[in-house]
Amino acid sequence: MISGSCFPAGDQQWSFSNGTKLNEEIVINALKSVKYPGYSRDIVSFGLVKQVAAGNGAVSVVVQLSGGNSQIAQQIKADCEKALQTLPDVRHVLVEVKQPAGQPAPVGADAWARQNKVPGIDRVVAVASGKGGVGKSTLSVNLACALKHLGAQVGLLDCDIYGPSIPLMMGIHQRPAISPEEKLVPPANHGVKLMSMGFLLEGDQPVIWRGPMIMKTIQQFIMQVDWGRLDYLLVDLPPGTGDAQLSLCQTVPLDGGVIVTTPQEASLGVVRKGIAMFEKVNVPILGIVENMSYFTAPHGERIEIFGHGGGQAEAQRRQIPFLGAIPLYTEIRIGGDRGVPVVVSHPDAPYGQAFIRVAEVLRQKLG
Ligand SMILES: Nc1ncnc2c1ncn2[C@@H]1O[C@H](COP(=O)(O)OP(=O)(O)OP(=O)(O)O)[C@@H](O)[C@H]1O
Ligand SMILES: [Mg+2]
């Protein structure tokens, strides 16, 4: 059994006191410009802002750190004050940065910062959608294999608590081993390492997870797994954009998010919800992928079953990048069912190429 706490309580909510909601929203938005020292993410998305009060020209904020480095605390305090003092109508700013009592200051770096850094993993990217069944997991596995095909070291993290399907799609049936250092060793296939909530389930038993259990397990999947060196860790989020998905986005140190939609769902707010979720936690949106975009009939005729271009149009409207369109193709489903993604079995076919092109665009965007 692995144990240990890795992250601050990212799922905790802010507590608002008096003042209008608008004022507090403005304060929180301003605090989103304050980065955790040494990180590209901000203190709000890391869940460190615990109290916000605003009214009558005064703003008061409480930030709770879980590490003991006073230099970091001072810098966060100064950056918060600077961000808040520039707000219109603000005359008094009070920022309190709390550190855990009695915790010895770690040597060299802040304990929290060390805990959050995932050693050896360059980029962590989530694949999400506002709706189930649009092909998130299909995209995750094929993208992972496509990035591998392009020469990268890749890991996949299946966070779907409701129906983890990635082990089946990747053809992985064994569970993780435990290393002598008591780390989980992820099983691999097609050159991609995998951790899945599915490894923790017995057969078809229904999954009853409480929020904190999920967060703890995911934290362990990131910090206590022997991932080795990875260029990319792709994270398949559970369907939807509610609280559970938001907490997951806060738990996993994400560098960016990809939103999947089908042409007809694009118009139904699926993309908008996905964007709103990533924005709430300040995770950069890398772009939209339109899945089941069109169907190619046996004689080569292109049939747009669900209409076409909804994802692209929505990307344009929202001014976020369009990463590509994936056709609806029987082989793609069969590949998933057989555990051999089409990118592995048919890398040169048009449908294999469609995934590889998305991987190329993504790689460019991630630098
Ligand atoms: N482009 C495609 N062509 C053919 N079949 C597809 C395609 N994309 C997905 N599918 C099939 O559609 C079904 C749903 O896809 P998938 O499981 O990837 O969706 P999901 O968004 O991860 O679903 P969930 O919300 O349940 O996690 C699967 O059977 C999959 O094989
Ligand atoms: Mg899925």
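**From the sheet to the ligand**

Guide: Strands β6 (residues 154-158) and β11 (residues 230-236) run parallel and are joined by five bridges. Within this pair, Gly155 has Leu233 of β11 as its bridge partner. The model is predicted, with local features needing pLDDT of at least 70 and side-chain atom pairs counting only at pLDDT 80 or more, while totals for chains, interfaces and linings use all residues. Residues are numbered from 1 along each chain as its sequence is written, chains are lettered from A and ligands numbered from 1 in the order in which they are written, and side-chain values use heavy atoms, leaving out hydrogens and water.

Helices (H or I, at least four residues) and strands (E, at least two) are DSSP runs, numbered from the N terminus; strands pair if DSSP finds at least two bridges between them. By this count the chain has 13 helices and 16 strands. Both β6 and β11 belong to an open sheet of eight strands with mixed pairing, in the order β9-β10-β6-β11-β5-β12-β13-β16. Its edge strands, β9 (188-189) and β16 (322-325), each pair on one side only.

A residue is buried under 20% relative accessible area, exposed over 50% and partly exposed in between (1.4 Å probe, protein chains only). Asn291 counts as buried because its relative accessibility is 8%. Its side chain reaches the backbone oxygen of Val134 at 2.8 Å. This is a polar contact, a pair of N or O atoms within 3.5 Å; within protein, one atom must be able to donate a hydrogen and the other to accept it, and residues adjacent in sequence count only if both atoms are side-chain atoms. Leaving aside neighbours within four places in sequence, Asn291 has contacts (heavy atoms within 4.5 Å) with residues including Val134, Gly135, Ile326 and Pro327.

Val134 and Gly135 also meet ligand 1. A polar backbone atom of Val134 is 3.1 Å from an oxygen atom of ligand 1, and a backbone N or O atom of Gly135 lies 3.0 Å from an oxygen atom of the ligand. In the side chain of Thr138, an N or O atom is 2.5 Å from an oxygen atom of ligand 1. Taken alone, ligand 1 exposes 630 Å², of which the protein buries 79%; such areas come from the Shrake-Rupley method with a 1.4 Å probe, and for residues only the protein chains shown count as cover. Two elements, α4 and α11, each give two or more residues to the shell around the ligand, and the largest share, three residues, comes from α4. Around ligand 1 there are 17 residues, and Gly133, Lys136, Ser137, Thr138 and Pro327 come nearest; a residue is near when one of its heavy atoms lies within 4 Å.

Helix α11 (residues 330-338) has Ile332, Gly335 and Gly336 as its buried residues. Seen down the helix axis, these fall within an arc of 100 degrees, so they line one face of α11; the arc is that of the directions from the helix axis to the C-beta atoms. The buried residues of α11 pack against α4 (136-149), α5 (166-170), α12 (342-345) and α13 (350-366). After α11 comes Gly339, with a positive phi near 85 degrees.
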